[in-house]
Each structure stands twice: as C-alpha cells, then as structure tokens.
Amino acid sequence: MQYSSLLSVVLFLPLIGALYAGLFGAKAKALHVGVFNSLCVLVSFIGAVVLFIQAWHHQSYEKYLFDWIVVGNFKVGFSLMLDNINAVMIVVVTLVSFLVHVYSIGYMEHDTGFNRYFSYLSGFVFSMLALVLSDNFLGLFIGWEGVGLCSYLLIGFWYHKKSANDASIEAFVMNRITDLGMLMGIILIFWNFGTLQYKEVFSMLNNADYSMLFCISVFLFIGAMGKSAQFPMHTWLANAM
C-alpha cells in the first residue's frame, strides 16, 4: 500500500465505525459495536504512527480523492495532505480517541444508548481527522463543523434530561456564532488569494496586504475562541461537563 493511500485508511476507518454503530443505533446494546469501533480507531492509530515515522524522515504526502466543488474558475477537491505538523496531530487524535473508546465500553456498559453513543463518538473522531488532514480551508471548515455537530450530539446524549438539552443547545448556538467568524475569514482568504489551497495561499503571503492578513487572522481566531471555550465564549463548556 502506498503511504498516500494510508491517509485515506486513517481518515475513513472511524467513519466506517460510526456508520456501523449507527445501523444498530435503535437496537439493544451490542458489545460488538463498541469493540468494532475501538478496533477501527486502533488501526487508524497504527496507520497514523506509520505516517508519522515517514513525516519524521521528511516525507510529505498528498492524496487527491475527487472533485468536490467546481463552479467556473472555483475548484475545490476532496484531498488530503500530510506534513510534520498534522502527522503529530493525527497520532494524538487517534491515540486519545482509542483510549476513550476502550474506556467507554465499560463506562457505558449499562446505558441503553450504547450503540448510538459509539456512532457519535466515532463520528467525532472522523471529523477531527478530516479537519487535520484536509489540504484546503474549505475541508478544514467542514471538519470543524462536523466536530461541532458531534459535540452537540454527545453533550445532549441523555436527551431526556433538561440540563443536557439546554447545555447542548447552548454549545451549538455559541459555536455557530463563532464559526461565522471563521467562515468570514475563509471568505476573505478566497477573495484576496483566489484559492483555498493551503500551499497556494501560503506561497502568496509575502505579497499580501498586512491589514487584510490581520483581519483574516482575527476572524479565524474568533472561530477558534468558540471551540476552545475562550473568554467570553467559555460559558458553554462548564454546562456541558
């Protein structure tokens, strides 16, 4: 297997686990759902370690899967990339996620929503990996929104509790407000550089207007404020715990 193809394996295995768990979502607890999802994330972690070793030896990889959006001169593909930075991140994401999956098998043992929980959890992992591995800002934003959606579902998992419902709605609304800032930053990137590809944007930074770069940075930071619960967008996190 080519290392570039391994990027797809690392990314899509958690999604396969999420879909598998979703098939049993409304049924009684099935232990094999938790085991299968944990194994998917474990294999994804092993693949991430292999890719990290390659990145450590100064190898970078790209994987173009298919054209995503093509409108006139605007073209964005569903494509992945690996460099030194996101090689570290995918190892951290998959390792922590695997440990959470294994712990959850016991923690959720007597919960009637066992299968549904693992569907949400693996969907969260897939969204994080999509965010990290994308080679363009639009892919990053889609992964970012996927993380927000799965966070909403996990926070409101015990939907029969009013406190869980209120906390999930608060988290969802507050994150959508700050995500608008990130979206504005991405729109400004395309408006100024004519592309959303990381490599193309970064290659033009030296010739860009610094005041516009400052505005873009502020908007992107606003998006990060919501997800990381920074003041004054921090109140949702305490209620979600």
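Visitor: How much area do domain 1 and domain 2 bury between them?

Guide: Buried area is the accessible area (1.4 Å probe) that two parts lose on being put together, summed over both. Here domain 1 and domain 2 bury about 550 Å², and 53% of that is on carbon and sulfur atoms. In domain 1, the residues losing the most area to domain 2 are Glu62, Phe74 and Asp135, together 62% of what that side buries. This is a predicted model: local features need pLDDT of at least 70, side-chain atom pairs count only at pLDDT 80 or more, and totals for chains, interfaces and linings use all residues. Residues are numbered from 1 along each chain as its sequence is written, and side-chain values use heavy atoms, leaving out hydrogens and water.

Visitor: Where do the domains lie in the chain?

Guide: Domain bounds come from an automatic or database domain assignment. Domain 1 covers 1-135 and domain 2 covers 161-240. Their centres, taken over C-alpha atoms, are 23 Å apart.

Visitor: How many residues does each domain bring to the contact?

Guide: Contact means heavy atoms within 4.5 Å. Domain 1 gives six residues and domain 2 gives five.

Visitor: How many salt bridges cross the interface?

Guide: A salt bridge is a side-chain nitrogen of Lys or Arg within 4 Å of a carboxyl oxygen of Asp or Glu. The rule finds zero between domain 1 and domain 2.

Visitor: Which strand gives the largest share of domain 1's side?

Guide: Strands (E, at least two residues) are DSSP runs, numbered from the N terminus. Strand E2 (residues 74-82) supplies three residues, the largest share of the side touching domain 2.

Key. Helices (H or I, at least four residues) and strands (E, at least two) are DSSP runs, numbered from the N terminus.
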